[in-house]
Each structure stands twice: as C-alpha cells, then as structure tokens.
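Visitor: I would like to learn how to read the packing and pairing features of a structure. Could you take me through them one at a time?

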Amino acid sequence: QGIWRSLGGCERLLYFLLLPAATCHMGCVCGSSFRGCCPCFHANARIGEPGHLEEPWQQMLPNGEIFTALLLCSSFSEKYKGRHMQPGEFAQISLPCPEGMIQKHWQPKLLHRSGSLEVNVFIWLGDEASDIPTVYFACAPLRKRMQFAKISKSYFGLSPMEVVEHTNGHANNGAGKRYSVPMLSYCRRKVENLFNKYGFLGKVQETMRQYPNHRYLFCGISHGASVAEALALKLSLMYPRACFQAVVWNAYRWTNEEGIALMERHVGRRLLSFVMATDTTWDSISGIPFRLSHMPRIVFLNANTGEFRPAESIGGSKVDIMRLFCCLWRAYKLHFAKTALKATRKAMIASIRRPDGADLEALPREDTLRWSGLDSVRTLLRGWSERENSQSGMGSLEIGTSRQPLHA
C-alpha cells in the first residue's frame, strides 16, 4: 500500500495497462500460468508438418544465398554498415557451416544504391565463387522513428499502384497490359519514389543488361520485406519474361486479396516469405494491419531451432488496448534482425551435409513443405508444444493428413 500511494497518476495508469500482459497464458510469450487471461490468446494459424524448403530455395539455403540476402538487407543496409559504402566496394560475409568443415567467405560487390532514408535499395553482385550467380536487391528496414507514424496514418487506406507491362525496356507506348495493385498508401509512395525520384528503374535495367544470366533476388526484413515484395511484384508485372525472386523476413501486410492474387499469379513460388516463430507464438507484426491479407505460402521459421513449418493462414494482430502490450512483446522477441540471423544460421547449418556423411543418420527424414491439403484445425498460440498439450489434456493435434503430437 505504501508503494501504491507513492505512485503518480501516470504510473498507476501504466500499471493497469501492463497488468493484462503480465497475466497471460503460458502459451503466450508473456509467460504467466493463468489460462485464457491473455486477450491475444485466441490468435491462430493453420500450420503443417515441418519439412524442407521448396526448390529453388532448398538449393539456395545450404549454398548460402539466403543467409547472404539476410545479411545484406540488415547488417549491410543503409541503416548500418552500408551507410557510407559506395558502388564498387565489397561486403565481407562469412557463411556459417557445421563444425569441422571449411568456412566460405564471400565478397558481394555493391553495384548501385538508390533511395533516401525512408526507402533504400542496394544492388549487390554476388560473389563469383557461388555456384548460383545472383544479383541481390537489398531493401533497408525502417530508418526514422517518424516512419512508424506515417505507416500508422495510412493504416486504414489503400491506394492503387498503376503498373504497365514493358517490352524491350519500353512501355509499349501505352499499349501494354495495365495492372492496378492496391497498397498501403505509405508503402506505395515509397515504391513509386524509387522509380520517379531516385532512378531505380534505370539501375535495374542496367543491371539486367550487364548480368542477364544471374538470378535477381529481392530481400528485406520488416519494412524492407514489404518493400521487397512490392518491388518483386511490380517488376514481374513490368517484365513478365524476367525471373525476379524475393526472400523476406517478418513483412507487415501491405495489400488485400486482389494484390495477393496478382502476387500468386505473377510471382508465385519465387517468393519465400518467412515469419519468425517459436513453439508457442509468432511475430505479431506479420498480422498487421489486421484487415489486410498475408502473402501466400508463409513459412514459420522457428527462432530457437531453425525448423521450417508451412502456414496456410495466419490470424491478424488486432492492435487495441487489450492486445497492444502482448503484440509489442511478441514483436520485441521475434521481429528484429538479430533473431532472424540466429535462426537462419541454424537452418543453414542443419541443411548442409558433411562430406563424410556422418550426420545423415542423425538428421530427420523430412519431406518438402506442403501447404495444400491442410485440414481445418486451427492451432492456437499454446498448441505447438507437446509439453503444453499434455498439460492441457489435449493429447495430439491433427495437422496435415496424420494425427501426431507437435514437437518443438
């Protein structure tokens, strides 16, 4: 009581606001033992069995392109090490490998940089030693705090991004196919600024002329992930014969079902969208804005083990006063590059086969991830771990076509 009397009005209000987050169910990352008290407890997703990535990603994971993409769009972005880098300079990347194997060191070369503080894309030429010639289009994460307010301001409104199909580098004098992609207005403005203000299209065309036989891989995390997805879709619509791929981590939602249909039709399996997760929950930012749609074929990447699980659908994150602090805590634990780098490192190491074959028997025989055919069982936040299933008396959950407990 003495402590309560010493608190000011604002401190007492903060106490009451934090109380729901402090009394959450064990299944939530908040970690309390009061079942059902957490308002975000009812968030859900339809998930499948763990497995390997699809091609071409299954080859790019052990070879190092996926880990390199994450480093280039985070550590070597304009926000961090790449801030003062100029075209012609090299990034130093050491690829993870199992103990006892020779570590590879790559030196991607910066070809172009385009954009401003609020949207920035670096174009990197992959190391010549790679078996998969790749050009990386690394989109930077949020740089300014004011961007949070600008994204929130466009939370309730979509505006169309108009795209015209090009042939031989030209817009066919207006005769090409036209597309309209609904987007969050802030994200649309940033993407269009790249083309209209910063000469991004000219740099893309120059890169395509110089490296016609390379893979063009967009990559990003958080805000950069959403920009990378939008750019991959826009350029795929403009150049239908080119092959643009994208690998992203923890993207927020930026379009509706109409935009998702265009993404599925024109990018399809060339998009690999990771959402960081644990045995009990996933990054809340991937469900924001609640009313918009997530990308097709989401892959849950376990932050602790590096395991992959397909997610056919993900419940949105309702950011109201009763859910705000739990959403913030989930984002704090799972949204940022440090967590993604740790998990991707583990996934890459687990995917590499040793030359002597010593680890072949120890590794589980997993199939390729499968999204189609998932049943209607909706897995709650707490329903991923076998320990929690036994505590709640749930036994096993039916996921995919088999009935078995879920393991971390």
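Guide: What follows is a walk through strands, cores, aromatic pairs and charged contacts. Please keep in mind throughout that this is a predicted model.

Visitor: Let us begin with the strands. With which strand does S7 pair, and in which sense?

Guide: The general idea is that in a regular strand the side chains alternate between the two faces of the sheet. Here, strand S7, which spans residues 158–164, pairs with S8 in the antiparallel sense, and the pairing runs over 7 bridges. Within this arrangement Val163 stands opposite Tyr179, a residue of S8.

Visitor: How should I look at residues that are far apart in sequence? Where does Ile47 lie, for example?

Guide: Ile47 belongs to strand S1, residues 44–47, and is buried, with a relative accessible area of 2%. Although Ile47 and Ala311 are separated by 264 residues in sequence, their C-alpha atoms are 4.3 Å apart in space.

Visitor: Turning to the nonpolar cores, which residues touch the most other members of the largest one?

Guide: The largest nonpolar core holds 62 residues, and those touching the most other members are Phe200, Phe218, Leu231, Leu235, Trp254 and Phe300. Helix H8, residues 223–238, supplies the largest share of this core, with 10 residues. There is also a second, separate core of 43 residues, and Ile66, Leu70, Leu95 and Tyr136 are included in it.

Visitor: Which residues is Phe200 in contact with, once its neighbours within four places in sequence are left aside?

Guide: With those neighbours left aside, Phe200 is in contact with Ser114, Val121, Ile123, Phe137, Leu194, Phe195, Phe218, Leu231 and Leu235.

Visitor: How many aromatic pairs does a search of the whole structure find, and why is the pair of Phe137 and Tyr216 called edge-to-face?

Guide: The search finds 12 aromatic pairs. In the pair of Phe137 and Tyr216 the ring centres are 6.4 Å apart and the planes stand at 75 degrees, so the pair is edge-to-face, the cut-off for that class being over 60 degrees. Because Phe137 lies in strand S6 (residues 134–139) and Tyr216 in strand S9 (residues 215–221), the pair ties together parts that are 79 residues apart in sequence. Phe137 counts as buried, at 0% relative accessibility, and Tyr216 is buried too, with a relative accessible area of 5%.

Visitor: What about the pair that Phe218 and Phe244 form?

Guide: That pair is tilted, with 6.1 Å from centre to centre and 50 degrees between the planes. The pair links distant parts of the chain, since Phe218 is in strand S9 and Phe244 in strand S10 (residues 244–249), 26 residues apart. Both Phe218 and Phe244 are buried. Taken as a group, Phe137, Phe195, Phe200, Tyr216, Phe218 and Phe244 are linked by ring pairs into a cluster.

Visitor: Which charged residues lie over a ring, as Lys234 does with Phe195?

Guide: Lys234 lies over the face of Phe195, at 4.8 Å from the ring centre. Arg330 provides another case, with its charged end sitting over the ring of Trp282, 5.6 Å from the centre of that ring.

Visitor: How many salt bridges does a search of the whole structure find, and which parts does the bridge of Glu78 and Arg143 tie together?

Guide: The search finds 6 salt bridges. In the bridge between Glu78 and Arg143, the closest N and O atoms are 2.4 Å apart. Glu78 lies in the loop between helix H4 (65–73) and strand S2 (93–94), while Arg143 lies in the loop between S6 and helix H5 (146–153), so the pair ties together parts that are 65 residues apart in sequence.

Visitor: Are these two partners buried or partly exposed?

Guide: Glu78 is buried, with a relative accessible area of 9%, whereas Arg143, at 24% relative accessibility, counts as partly exposed, because buried means under 20%.

Terms used. Residues are numbered from 1 along each chain as its sequence is written. This is a predicted model: local features need pLDDT of at least 70, side-chain atom pairs count only at pLDDT 80 or more; totals for chains, interfaces and linings use all residues. Side-chain values use heavy atoms; hydrogens and water are left out. Two strands pair if DSSP finds at least two bridges between them. Helices (H or I, at least four residues) and strands (E, at least two) are DSSP runs, numbered from the N terminus. A nonpolar core is a set of buried Ala, Val, Leu, Ile, Met, Phe, Trp, Tyr and Cys residues joined through side-chain atoms within 4.5 Å. Buried means under 20% relative accessible area, exposed over 50%, partly exposed in between (1.4 Å probe, protein chains only). Contact means heavy atoms within 4.5 Å. Rings of Phe, Tyr and Trp (its six-membered ring) pair if their centres lie within 6.5 Å; planes under 30 degrees apart count as stacked, over 60 as edge-to-face and the rest as tilted. A charge sits over a ring if NZ of Lys or CZ of Arg is within 6 Å of the ring centre and within 35 degrees of the ring normal. A salt bridge is a side-chain nitrogen of Lys or Arg within 4 Å of a carboxyl oxygen of Asp or Glu.
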